[in-house]
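Subject: Structure handover and findings

Hello,

Here is the structure you are taking over. My notes follow below it.

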Amino acid sequence: HTVQMLQHASFSCNSSAFLPMSSSRKRFRKWIKSYSAVSQWIDQHGHVEQMLEQHGGFARIQNFLPNFVADGILGMLEGIEEKTWNLTAANEDYAHNNIQHDFLSVKRGPAGLEDVFRLFTLLLPDSLFTFSAAKYCKQGHIKPHDDRAYTKVLMDDGSIQLCSRTIACIYYLTKDWQAEYGGELVDLEAHGGPKVHVPQYNSVVMFRVPRWHEVRPVIGDRPRYSVFGWFLEPGKLYDLNVSPHEQQQQQTQQRDAGQQDMQQAAARSKRKETRPGKAEQMQLKAKKQVRKQKTKSSSKTPKGKKEKAVQIAPTAAN
């Protein structure tokens, strides 16, 4: 993705002013810093890998966090100043693995935001991760894509590890969102055809990467907030996307190669059917040896018989 530190005309949506620390916000901040409280709550949702396996690689978790925590996170995002949000946008550019997208994001914001991101790591504690906050304003969207990408991760020992996205995670944080507001997630690989998911407050959507999906443009001036990110595994686990034209060429080549393999297999099968079996081969070999012996016998007449034939030949001629 291309990240630009500037504002965009289509993102003129309002944020709430920063509110002073209240007792509820203090409670929320205390809770997200408590490992025991957070892990106990997250554990009740079950094992992510199993959920994805059971639901075809796509899973949704309702009431992901206690309501007061969700309210606290929403308040934090609403309080981020406009100048802090980064415009994350790009046109379609397959050479750089970009698809058309347009929304606001922030990775390093107000105090406590990194604590929020760490909440999600307990879903897959053994995986590497990268998370950000998002704000979709009017016309904010992402065109169809499958999330394939490589990410460089700074390890504890100071080394850089190239990783692949393996599981995507989206946490929705806008209350009472309706389909007519746009901004829906469309799962393009759902069983039975594309499935539209309207953002539900305090819910998480997770799916395996790669998986084709899109975010429809937001309609109106109300912003749509979320936390999003990916779990990562070391190495290049897949090839990156290619252009539709290149993809069509690859599909044609694969189809032609498949047809050629089928033709070759059919030819081999036909040769195998016409080839005599082992017993027939032995019979043919025996017949061949008999013919060979007969040929040798006829070409080697005994010497005595030959002389006798020569001796009687003049007599016969008289």
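Two strands count as paired if DSSP finds at least two bridges between them. Helices (H or I, at least four residues) and strands (E, at least two) are DSSP runs, numbered from the N terminus.

Please note that this is a predicted model: local features need pLDDT of at least 70, side-chain atom pairs count only at pLDDT 80 or more, and totals for chains, interfaces and linings use all residues. Residues are numbered from 1 along each chain as its sequence is written, and side-chain values use heavy atoms, with hydrogens and water left out.

**Overall**

The chain has eight helices and 13 strands. Of its 318 residues, 38% are buried. Buried means under 20% relative accessible area, exposed over 50%, and partly exposed in between (1.4 Å probe, protein chains only). The chain exposes about 19,600 Å², and carbon and sulfur atoms supply 51% of that. Accessible areas come from the Shrake-Rupley method with a 1.4 Å probe; for residues, only the protein chains shown count as cover.

Contact means heavy atoms within 4.5 Å. Among contacts between residues at least 6 apart in sequence, 78% join residues at least 24 apart.

**Strands**

Start with β13 (residues 224–234). Nine of its 11 residues are buried, so β13 is largely enclosed by the rest of the structure. It pairs antiparallel with β8 over nine bridges. In that pairing, I170 has F228 of β13 as its bridge partner. Nine bridges also join β13 to β5, again antiparallel. There, K135 stands opposite Y225 in β13.

Strand β5 (residues 128–136) is mostly covered, with seven of its nine residues buried. β5 also pairs with β4 (residues 101–106), antiparallel, over three bridges. S105 stands opposite A134 of β5.

Now T166, which sits in β8 (residues 160–172). T166 counts as buried because its relative accessibility is 16%. Leaving aside neighbours within four places in sequence, T166 contacts F207, R208, V209, F231, L232, E233 and L237.

**Cores**

A nonpolar core is a set of buried Ala, Val, Leu, Ile, Met, Phe, Trp, Tyr and Cys residues joined through side-chain atoms within 4.5 Å. The largest one has 46 residues, and F120, Y171 and L173 touch the most other members. Helix α4 (residues 67–78) gives the largest share of this core, six residues. Apart from it lies another core, of 22 residues, including F58, V205, V209 and L232. In soluble globular proteins, nonpolar side chains tend to be buried together.

What does Y171 touch, not counting residues up to four places away in sequence? The list is F64, L65, A70, I73, F120, N202, S203, V204, Y225, S226 and V227.

**Backbone points to check by eye**

- The peptide bond from V209 to P210 is cis, with omega near 10 degrees. P210 is in the loop between β11 (203–208) and β12 (213–215).
- N202 is not a glycine, yet its phi is positive, about 60 degrees. N202 lies in the loop between β10 (195–197) and β11. N202 counts as buried because its relative accessibility is 1%.
- N63, also a residue other than glycine, has a positive phi near 50 degrees. N63 lies in the loop between β2 (58–61) and α4. With a relative accessible area of 48%, N63 is partly exposed.

**Second largest pocket**

This pocket holds about 230 Å³ of space. Its lining has 14 residues, of which H47, L122, L123, L124 and P125 lie nearest the centre. Helix α2 (residues 35–43) gives the most to that lining, four residues.

On the method: the search uses a 1 Å grid over the protein atoms alone. A pocket is an open set of points where a 1.4 Å probe fits, with protein on both sides within 12 Å along at least five of seven lines; a cavity is a set from which the probe cannot get out. Lining residues have an atom within 4 Å of a point. Grid points are joined across faces, edges and corners, and a volume is the space filled by probe spheres set on the points.

Best wishes
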